[in-house]
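Here is a short note to read with the model open beside you. Take the points one at a time, and find each part on screen as you go.

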Amino acid sequence: MAAVEFLNVHKSFGTVEVLKGIDFAVEPRQVVCLIGPSGSGKSTLLRCVNHLEVTTSGAILVNNRMIGYDVHGDRLVEASEAEIDRRRSTIGMVFQSFNLFGHMTALENVMFGPIKLLKTPKARAEAEALELLRKVGLAGKEGNYPSQLSGGQQQRVAIARGLSMKPDLMLFDEPTSALDPELVGEVLDVMKQLAASGMTMIVVTHEMGFAREVADVVVFMDDGVIVEQGLPSDVLINPQHERTKSFLSKVL
């Protein structure tokens, strides 16, 4: 069973069609990197996985189940908000802009989801959050507020927060794009460790070195469609489509 399956996914904003029939699958423990120019639909596709954006047609299955809908006979019926939140809790997501709670310490940010959504006892949530912060290299920073942390440190808190929900799947939406160049490496190192641990990951990225080193599959998107997909050695080193060649010639 695929961890994530995209079935003829379309998404429009008004009259603008952003996704034009996306079909592919992500296997358990795979790392899939979505690459392509800005505006190609990568981030929109990622947000559709956990129902932050609602698809116009088609379906996305996570562990063989849709996040936002139930099937009643031959009809799709939107699930309740509580049920959507419950299913969404199996998916961690890391955004470009960290999205940390500014009035909470690093520790409180990581503890919040387990206590609020998983009803984890506070003492256990705190112990687990401290261990996650240690794993992302932030031992000793648990009492710091986001404003007291560098961009790279904030993004590592965001990764720890995503992991705190014990997800089956992690989504990363250009997690290094808002960082100063010297801070990119520390975030990518954490993501590499996560991939090595066997976490299933879908990563929207412009970091071609990361995609080459870590991805099992690279998917090149342009204008709302998948132009080319395959092993990093095929897509990044020996692309078959002219559009892929043109894009990579500008970013490699």
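Which helix gives the most to the lining of the largest pocket? Keep that question in mind; point 2 settles it. Please remember throughout that this is a predicted model.

1. Let's begin with the largest pocket, which has a volume of about 580 Å³. Its lining is made up of 22 residues. To find the centre, look for Arg88, Ile91, Leu117, Arg161 and Met165, the lining residues that lie nearest to it.

2. Now for the opening question: helix 3 gives the most to the lining of the largest pocket, contributing six residues. Helix 3 covers residues 106–116, and at least two lining residues each also come from helix 2 (81–88), strand 8 (91–94) and helix 5 (151–163). Sorted by class, the lining of the largest pocket holds ten nonpolar, eight polar and four charged residues.

3. The second largest pocket contains about 340 Å³ of space. Of the 17 residues that line this pocket, Glu131, Leu132, Lys135, Leu163 and Leu194 lie nearest its centre. Two or more lining residues come from each of helix 3, helix 4 (122–135), helix 5 and helix 6 (181–196). Here helix 4 gives the most, with six residues. The classes in this lining are ten nonpolar, three polar and four charged.

4. Four strands make an open sheet, ordered 2-1-4-5, with antiparallel pairing. Strand 2 (16–26) and strand 5 (65–66) are the edge strands, each pairing on one side only. Strand 1 (residues 4–13) is joined to strand 4 by five bridges in the antiparallel sense. For one example, trace phenylalanine 6 to its bridge partner in strand 4, isoleucine 60. Helix 1 packs on this sheet and touches strand 1, strand 2 and strand 4. The direction of helix 1 makes about 60 degrees with that of strand 2.

5. Leaving aside residues up to four places away in sequence, histidine 51 touches Ile67, Gly68, Tyr69, Glu78, Ile84 and Arg88. You have met Arg88 already: it is among the residues nearest the centre of the largest pocket.

Technical notes:
Residues are numbered from 1 along each chain as its sequence is written. This is a predicted model: local features need pLDDT of at least 70, side-chain atom pairs count only at pLDDT 80 or more; totals for chains, interfaces and linings use all residues. Side-chain values use heavy atoms; hydrogens and water are left out. Contact means heavy atoms within 4.5 Å. On a 1 Å grid over the protein atoms alone, a cavity is a set of points where a 1.4 Å probe fits but cannot get out, and a pocket is an open set with protein on both sides within 12 Å along at least five of seven lines; lining residues have an atom within 4 Å of a point. Grid points are joined across faces, edges and corners, and a volume is the space filled by probe spheres set on the points. Ala, Val, Leu, Ile, Met, Phe, Trp, Tyr, Cys and Pro count as nonpolar, Asp, Glu, Lys and Arg as charged, and the others, Gly among them, as polar. Two strands pair if DSSP finds at least two bridges between them. Axes are lines fitted to C-alpha atoms, for helices over the stretch in contact, and angles run from 0 to 180 degrees between N-to-C directions.
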